[in-house]
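Dear colleague,

Please find below the structure that I am handing over to you. My notes on what was found in it follow directly after.

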Amino acid sequence: MRRVNKILIAVVAVGCVCFVLAAAVVAVFGKKIIEAQLEQNLKVDARIGGIGLSLPLTVTVTDLTVGNLLTVEKLSFSLNPLGFLAGKILLTTLVLDSPVITLEQSADGHLNLPVFPSGGNPAPVLLTGLLVKNGTLLFTDKKVIPQGYTVGLDQITLTVSKVMVPPTSLNVKCAINAAVVAADRKPFGLIEAKGWVDLGPKDMQGNIVVKDLEVTRLAPYYGDFFSKRKLRSGILNLFVELSARHNAARADCHLQLSKLTYASGGAPQEQSGGQELFSRALDLFADEKGAIEFDYALNFSLDNPRVDLKTLQKAMWEAAAKNIARQNPQQVIDKVQDTLEQFKAIGKQMKGIFKYKEE
């Protein structure tokens, strides 16, 4: 028994010595190694304030700066020794404390993101969990206005975790909460999202909620999408249910616009075709309090989640027509002081709604 105890003590002593040596190596050489690797792979300047190793095999990096793209007050991750058996670096948890990501889009549409070489061997690093605390993402867009328009997310809390059983599973769960902010960092809305996506069969389930968003703060992007008249204020709430099966994805959306007020004076900007009618429709189905509420759905591919403006307008227009159909036709006509012939020009749906007027 004494011999067993001596062996255990010796093993623990050797382990402690090895850990102390490893911590010393990390403290002395880790800083330069990490900076060199970041600069080599990202092609930008990288600096860290300090690095340390603690039990159980947790590496902590402080004051990380990557070019003009990223700053992190503290970054830590845990190493899983089992990953080395497979020739991989397995990070069980990556924690980013107060990261700030600064994205910029040039006038010609290029982002200030590093360009990675195509092809080659994949990185031998596997990440099973990510936690972001008090994060910030700022996006300055010089494509919409030359001087740049800044919008972003602040107070970000993000969790991403991979399903561990079975080990080959590509099912990932995620959740995020953040405030929507402008350049002054003052919130003008909230966003919440949670769900899961399985990249194997390309399935997905989740939801997104946007709360109390002051839509006029995004005017450079929507332009006259909501109305031909210039909005002075308006609150948007959006509830989206996401689902996908074998790459066929769908977003069921419930949109609420309230507290809409318009700038007085000045003639509305002239539009043509469907855009003019679409903008007019949004004014039409607002209730007497100026609130707008309707449901619409968007279909897309999970591996290419893009929806163009025309598709979005079509989906919203169909929802608008259903909304108008539930209103008193005469009240709708009175709202715009227009004629039946102009309504008929909007399309078959509107024409069907008012068809009985011709009988």
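How many bridges join strand β3 to strand β4, and do the two run parallel or antiparallel? Eight bridges join β3 (residues 58-66) to β4 (residues 70-80), and the strands are antiparallel. Strands here are DSSP runs of E with at least two residues, helices are runs of H or I with at least four, and both are numbered from the N terminus; two strands pair if DSSP finds at least two bridges between them.

As to provenance, this is a predicted model, in which local features need pLDDT of at least 70 and side-chain atom pairs count only at pLDDT 80 or more, while totals for chains, interfaces and linings use all residues. Residues are numbered from 1 along each chain as its sequence is written, and side-chain values use heavy atoms, with hydrogens and water left out.

Within the hairpin of β3 and β4, three residues lie between the strands, and Gly 67 has a positive phi near 50°. Thr 65 has Thr 71 in β4 as its bridge partner. On β4 there is also an antiparallel pairing with β5 (residues 89-105), over ten bridges, in which Phe 77 is partnered by Leu 94 of β5.

The protein chain has eight helices and 14 strands. Of its 359 residues, 36% are buried (buried is under 20% relative accessible area, exposed over 50%, partly exposed in between, with a 1.4 Å probe and protein chains only).

The whole structure contains seven salt bridges (a side-chain nitrogen of Lys or Arg within 4 Å of a carboxyl oxygen of Asp or Glu). One of them joins Arg 217 and Asp 184 at 3.9 Å, N to O; Arg 217 lies in the loop between β11 and α3 (219-222), and Asp 184, 33 residues apart, in the loop between β9 and β10 (187-198). Another joins Glu 192 and Lys 211 at 3.4 Å, N to O, linking strands β10 and β11.
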